[in-house]
Amino acid sequence: MNLLALGIWLGVIASTVLLFRGIRRALPHAGPDPRLLDLSEAAFATGGPGGVVDTALVSLLAHGRLLVGGPGIVQVRPGAQAADPAERAVLQAHAHAPSGWLYQVRYLAMLDPAVQETGDALVARGLLARPGWGSRWRRRALAQVIVCAVLLVLSLPLTFVALALQADSGVPFIVEVFPVLIGGIVMGAAARRRARQWVSPAGQRALAELRARYAGLSTPPVQIALFGLKGLRDPYLRSLLVPAARSTRLAAAQHGSRPPRTSRSSGSSSHSGGSHSSCGSGAEVVPVVWCASSDPGGSGSGCGYSVSGCASSGSGCGSSSSSCGGSSSSCSGSSSCSSSSSCSSSSSSCGSSS
């Protein structure tokens, strides 16, 4: 039993070392310019495309360029101008969400190339990892946790067997392996959490530097850019944005919530064949490449990657933005991208050819 205990110790230690080494190597290394250039990049590092859009929404609401017309409904003040690409994405998203639901505006703005490509720029500089980078290591970490837990349960009957077969018992088997198996479970869980983080060590340092630079400025856009929704202290703005973020995650989960294996390149940023085609709420059929996590150091959620809806079998629907019906309608039958496709009770054209 001593040899078996030694084998378990060596196996768990080797597995843990290889696990953390693989995670460290999988994370990107700092590029030639490992800095966050502005608050939009900080917001992306903090909360993904949702963080960038939330920062723009807070700025528009705080300056009165975006007005609240009802519970969860927003409208643009006539003549309102965007101060940066993220705010422009919000205003364009509002134009494609006639109902004005805040979560629809938020979701569509997250799809804007100007918002999505912020993540690609951070990946290129080694500040962020690509979506889905840690799935392999999360599986390995989970396997280590499960194996150690099973061995821990089996060690008790093995101890009784060893005590029954040996006159001189010595140290019980469960006492020999208990520390390393508990350590393997703890380290496996820690590795699994580490593999969920998308901010590289260089990105974490850059974010800390930017937070120190803006330490004396506590305006809502700065708070939400540097710390996400949890850093927003204004109760009124929180009452608007937190439900909108929750609805966005639910919509993504209902229509396929997984990130693709690779990030979209900035040169080929197309949504469903180059369109912002929408079906139902206007936000469920376009793939979201980057996640809408509220805490990149946490579990990351709201990664919508949907090919359902108007584009059957994942095919594109033309090059122009089109809407496919009311707030909750769904595509009927087989909606191919020919001259027209019907969504529930209303018809919308999908482009002349796919």
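Helix α6 (residues 135–165) supplies the largest share of the nonpolar patch, 5 residues; helices here are DSSP runs of H or I, at least four residues, numbered from the N terminus. The model is predicted, so local features need pLDDT of at least 70 and side-chain atom pairs count only at pLDDT 80 or more, while totals for chains, interfaces and linings use all residues. Residues are numbered from 1 along each chain as its sequence is written, and side-chain values use heavy atoms, with hydrogens and water left out.

The patch on the surface consists of Leu-4, Leu-142, Ile-146, Val-150, Leu-154 and Leu-158, with about 470 Å² of accessible area together. Areas come from the Shrake-Rupley method with a 1.4 Å probe.

Val-150, in helix α6, is partly exposed at 42% relative accessibility; buried means under 20%, exposed over 50%, and partly exposed in between.

Leu-61, in helix α2 (residues 39–62), has a relative accessible area of 14% and is buried. Beyond four places in sequence, Leu-61 is in contact (heavy atoms within 4.5 Å) with Leu-66, Val-68, Leu-237 and Leu-240.

Gln-223 belongs to helix α9 (residues 220–227). Is Gln-223 buried or exposed? At 9% relative accessibility, Gln-223 counts as buried. A polar atom of the Gln-223 side chain lies 2.6 Å from the backbone oxygen of Ser-218.

Terms used:
Helix = DSSP H or I, 4+ residues; strand = E, 2+ residues; numbered from the N terminus. Buried < 20%, exposed > 50% of the residue type's maximum accessible area, 1.4 Å probe, protein only. Polar contact = N/O pair within 3.5 Å; in protein donor to acceptor, adjacent residues only side chain to side chain. Patch = residues over 30% accessible without salt bridge, like charges linked within 9 Å, V, L, I, M, F, W, Y side chains within 5 Å. Salt bridge = Lys/Arg side-chain N within 4 Å of Asp/Glu carboxyl O.
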